[in-house]
Amino acid sequence: MKRDGACISLWQQAMPEFTPREYQSEKKSFDVIIVGGGITGITTGLLLQKAGKSCLVAEAHNLCFGTTGGTTAHLNTLMDTPYNTVEKDFGLSGSRLLAVAVREALDLVKQQVADYQIDCGYEEKDGYLYSQNAQQTGELEAILEATRRAGVDAEFTGSIPVPLPFEKAIVIRNQAQFHPSRYVYALARQFEESGGVLLQHCPVINLEEGEELTVHTGRGAFTARQLIYATHIPPGINLLHFRCAPYRSYALAATLKEGAYPDGLAYDMYDPYHYYRTQDIDGKKYLVAGGDDHKTGHEENTEAPFTSLEAHVRHYFPVEEIVSKWSSQYFEPTDGLPYIGHLPGHSENVYVATGYGGNGITYSHVAALLLTGLLTTGDSPYKELFAPGRVKPVAGFSSFIKEAADVVKEFFGKRLSQEELHAFADLAPGEGRVVKYDGESIALYKEENGRLHAVNPVCTHAKCLVDWNRAEKSWDCPCHGSRFSPDGEVLTGPARQGLEKIDLGGASE
């Protein structure tokens with residue numbers, strides 16, 4: 001199973017790429033086309049298919065290629081944006097509605113695991129949030145009071161499941177965990193058995209909007225009455241790109257000595273915070289830990305967060321072996337809640353689910369429930385709380401969209417000769433860097449075998465300059481989170497087009 005980075009996640013190990021049923025039908029028209037084969041797209045597709053809608057899921061790469069394959073798979077009702085903050089910004093009714101929505105989402109996961117007998121290591125666990133200084137303790141007390149007012153089962157506890165010092169802690173009942181790739185693969189099979197069509201390696205290139213939508217993909221054109229962008233962040237230029245900040249989060253999986261695995265989900269209160277849990281895979285246990293987040297493209301040495309996280313884990317846990325380390329991307333919404341519903345600036349039949357923050361696995365199922373309601377009955381109890389239209393364009397935004405959409409600055413018409421490549425000889429194997437040559441910026445990467453890749457470093461989304469991600473071997477945009485392979489292919493939107501390739505004349509040394 002491939003992911004959008006060079007590091008191998010725990011959920012990729014022993015997981016082949018999903019093989020969908022061969023699509024031989026002449027059917028080119030659907031009720032709903034869902035763009036994206038992560039947990040949001042597959043879950044939503046299954047619910048809609050079961051509700052009587054004919055659905056096509058179009059995935060640009062393979063299932064779980066994006067953040068679903070790089071999550072740490074915590075299923076929470078205690079969210080990254082605490083209930084006291086939600087209550088302050090959205091009122092007590094808003095915090096209570098959020099609690100109902102995320103509880104329904106977790107219940108849906110549990111129900112589907114049981115209904116479809118999914119072997120994904122699903123377990124219900126308690127969650128623990130703990131303070132480590134006086135300031136955090138005051139915050140924790142406020143969080144507990146608001147969490148209870150929202151209707152979530154939480155209380156103070158005298159112990160936590162991880163061997164870290166703490167002042168106070170609260171426990172939240174009926175949280176959960178699972179193996180995300182196995183879960184998504186099982187739902188995808190159910191989606192196909194229900195009559196849904198799943199196409200991998202099927203990027204959506206363009207959308208013609210109207211009462212009937214025409215969707216141009218890498219595997220031909222399809223029509224639909226409705227479309228959902230379940231791509232983590234919608235492609236193109238949209239208002240939501242300026243209301244969602246891209247972040248990288250780091251994770252590792254380790255085996256421990258002495259059977260010292262935590263029995264529960266645990267979170268500290270620093271920013272960025274650390275989080276821990278245990279996953280049993282085929283009878284073998286792993287500690288899964290994460291943290292050391294930073295804005296995408298804003299960390300020069302992307303190997304340093306891995307080092308920091310590993311040192312932290314080794315300090316507190318009897319580590320036997322670090323099995324895998326990986327990073328993943330999420331988008332933090334400006335007001336703390338995701339944007340799920342009609343995509344602003346588009347036809348009424350175009351929808352989106354984005355801005356999940358660090359709670360993507362839970363919000364994926366909130367989105368599936370909400371969107372299924374909107375597309376089948378036209379309503380959902382959660383539509384106003386999560387409505388993307390709650391953010392309004394600022395003056396000049398429409399002009400910006402027109403100016404920035406589908407930008408490709410084509411100033412590299414010439415080939416660079418063998419001699420010219422000597423200017424870049426100081427690149428080490430496996431190193432990437434944006435360099436200046438002849439007055440122009442060039443993004444250059446050298447493979448371990450010495451082969452060079454050169455691309456235009458101007459992101460095709462909104463003209464920002466990309467930066468090299470040393471750990472994941474990708475070009476990352478610090479503005480809106482687009483990510484590209486060493487030779488410029490799109491790994492993560494919102495960019496639709498790859499970075500412009502520069503002809504190096506076939507040189508490899």
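A: Let's start with burial: a residue is buried under 20% relative accessible area, exposed over 50% and partly exposed in between (1.4 Å probe, protein chains only). Take Asp282, which is exposed, with a relative accessible area of 59%. Keep in mind that this is a predicted model, where local features need pLDDT of at least 70 and side-chain atom pairs count only at pLDDT 80 or more, while totals for chains, interfaces and linings use all residues. Residues are numbered from 1 along each chain as its sequence is written, and side-chain values use heavy atoms, with hydrogens and water left out.

Q: Which residues of α5 are buried?

A: Helices (H or I, at least four residues) and strands (E, at least two) are DSSP runs, numbered from the N terminus. In α5, the buried ones are Pro305, Phe306, Leu309, Glu310, His312 and Val313. They sit on the same side of α5 because they cover an arc of only 160 degrees around the axis; that arc is taken from the directions from the helix axis to the C-beta atoms. Thr307 and His315 are exposed, on the face turned away from the buried side of α5.

Q: What do the buried residues of α5 pack against?

A: Look for contacts, meaning heavy atoms within 4.5 Å. Here the buried residues of α5 pack against the strands β11 (244-256), β13 (275-281), β14 (284-295) and β15 (319-333).

Q: How many salt bridges does a search of the whole structure find?

A: Side chains of opposite charge can pair when their charged atoms come close. The cut-off is a side-chain nitrogen of Lys or Arg within 4 Å of a carboxyl oxygen of Asp or Glu. The search finds 21 salt bridges.

Q: Which residue does Arg182 form a salt bridge with?

A: Arg182 pairs with Asp282, and their closest N and O atoms are 2.8 Å apart. This pair links distant parts of the chain, with Arg182 in helix α4 (residues 180-193) and Asp282 in the loop between β13 and β14, 100 residues apart.
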